[in-house]
Amino acid sequence: MVNSFRYAINGIKDALKSEPNLRFHFLTSVVVVILAFYLKFNLTELSILVLTIFFVISLELINTIVEKLVDMNSKTITEEARIIKDISAGVVLLGAVASLIIGALLFLPKLF
């Protein structure tokens with residue numbers, strides 16, 4: 001069981017090293033959580049925020065997996081490979097837009 005956690009943490013570390021968008025999501029998450037504590041989010045608001053953060057980071061990790069698998073199996077960039085990678089990136093974009101909307105719903109009432 002300890003090895004499973006070690007492998008998972010290593011996978012996240014590897015993804016953070018190779019994926020600038022993932023690093024952006026992690027850093028943004030830290031800032032957002034600090035701001036949420038500063039604004040005294042209640043337990044429900046904080047829970048929604050944490051779920052949203054983990055949702056977007058999970059989508060980014062899945063996108064990374066898809067891109068790596070496509071790259072492994074496609075020596076040249078075929079039209080099919082491009083479409084798969086673009087769709088995977090689109091999924092992350094939708095998750096990020098949803099998180100922005102949720103963030104606005106949570107933060108704007110606290111700020112104004």
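Modeller: Glu-45 is found in helix 3; helices are DSSP runs (H or I, at least four residues), numbered from the N terminus. This is a predicted model, where local features need pLDDT of at least 70, side-chain atom pairs count only at pLDDT 80 or more, and totals for chains, interfaces and linings use all residues. Residues are numbered from 1 along each chain as its sequence is written, and side-chain values use heavy atoms, with hydrogens and water left out.

Biologist: Is Glu-45 buried or exposed?

Modeller: Buried means under 20% relative accessible area, exposed over 50%, and partly exposed in between (1.4 Å probe, protein chains only). Glu-45 has a relative accessible area of 17%, so Glu-45 is buried.

Biologist: Which residues does Glu-45 touch, not counting those up to four places away in sequence?

Modeller: Contact means heavy atoms within 4.5 Å. With that exclusion, Glu-45 touches Lys-40, Leu-106 and Lys-110.

Biologist: Where is Lys-40, and what is its phi?

Modeller: Lys-40 is found in the loop between helix 2 (20-38) and helix 3. Its relative accessibility is 66%, so Lys-40 counts as exposed. Most residues other than glycine have a negative phi. Lys-40 is not a glycine, yet its phi is positive, at about 60°.

Biologist: Which backbone nitrogen does the side chain of Asn-63 reach?

Modeller: Asn-63 lies in helix 3 (residues 43-73). Asn-63 counts as buried because its relative accessibility is 5%. Leaving aside neighbours within four places in sequence, its contacts are Lys-85, Ser-88, Ala-89 and Val-92. At 3.3 Å, the side chain reaches the backbone nitrogen of Ala-89.

Definitions and conventions. Helix = DSSP H or I, 4+ residues; strand = E, 2+ residues; numbered from the N terminus. Polar contact = N/O pair within 3.5 Å; in protein donor to acceptor, adjacent residues only side chain to side chain.
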